Amino acid sequence: MRLLRLKPGHGEIVLAEGDVEVAEEEQLLIEAFRRELDAGMWAAVPSESGDGRRTAELVKQFADVPRDAERVIFFPRAAGGCAPPANLLADLRSAVAL
Amino acid sequence: MGLALGTAAVVLVVLVWELLRPRLISAIAQLRARRELAARRRDEVRFDPGRELRAEQRARRLLHSCVSQEEWEMYRDLGFMRVWGARGEDYAYLLYPHRPILAYVPQTGELLSEYCVAFPDETLPYGSHRLPDADDVLAKWIALRGDERGLIAQANMHLPGRQVDPDQVRRDLARLSRWERARSARLRAAIVRAA
């Protein structure tokens, strides 16, 4: 199993890698998993269903990760919000110019 | 008298020096470490087009390995991805990199709403909180697949047209329709050839 994290300016990085059937390696995976969740990341396990459909499952603890999962992907948690719309920026600019 | 005072002054200076020396050495070491860190940060923050390009290529490979072949080809060819709603094909979403998620009705092309959502990395690696484009699309795809309702609840909802030009979306939907027809034709031809 590999724990990956999406990172700005880099793409994914490998946080930890190991065999969940080996106790020491599983412990390292669990520690890395907790560290990322404590840092506010979301964790997801991409998978493929029996009919070939690709999907992903969000997991909140290491015990929820299927034992045969190949990878867990961590990414920053979602936050609502957008930059002001383009027309609003234009309005502001013209207001400042006045 | 003078000699005694002089000796006492020298002893005092030596004692003070001995007391302060460890603190001074540690302060100098900290200052050096801080300067080195600042220099490293400056190097990291500097915009590097090569680094951004490599990041995007890496992100695209990961996206390709997670989503379906059709979704990957859609993103590769059109620059956005359609994801069906979890409750059937009555509605779907368009995922653009670093733009709001657009909900629409595939049968009519009617735009329903914009969901403004971002995945900011507050640790600011390389001085930026923005994921590479393909990673941003992947994060949206994962969040929609994993917890559609949670993501929509988290997002700021707006009427269509606030951030994304509705005419542009209609053009994109027309491109998507043409792309799907061409892809189906290609797949049919491949099946016929194989038979």
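**View 1. The S3–S4 pair in chain B.** In this predicted model, strand S3 (residues 101–104) of chain B lines up antiparallel with S4(B), and four bridges link the two. Pick out Ala103(B) and you'll find Ser113(B) of S4(B) opposite. The two strands make a hairpin, with six residues between S3(B) and S4(B). Look in the turn for Gly109(B), whose phi is positive, at about 80 degrees.

**View 2. S4(B) with strand S5.** Here S4(B) pairs with strand S5 (residues 156–158) of chain B, again in the antiparallel sense and over three bridges.

**View 3. S4(B) meets a strand from chain A.** Strand S6 (residues 79–80) of chain A is joined to S4(B) by two bridges, and these strands run antiparallel. Ala79(A) has Ala118(B) as its bridge partner, while Gly80(A) stands opposite Val117(B).

**View 4. The side of chain B that touches chain A.** Zooming out to the whole contact, 36 residues of chain B are in contact with 23 residues of chain A. On the chain B side, the elements giving two or more residues are helix H2 (49–66), strand S4 (111–118) and helix H4 (133–154). Which element gives the largest share of this side? That's H4(B), with nine residues. Sorted by class, the chain B side has 20 nonpolar, seven polar and nine charged residues.

Notes: Residues numbered from 1 in each chain as written. Chains lettered and ligands numbered in written order. Predicted model: local features only at pLDDT ≥ 70, side-chain atom pairs only at ≥ 80, totals over all residues. Contact = placed C-beta atoms within 7 Å. Nonpolar A, V, L, I, M, F, W, Y, C, P; charged D, E, K, R; others polar. Pairing = 2+ DSSP bridges.
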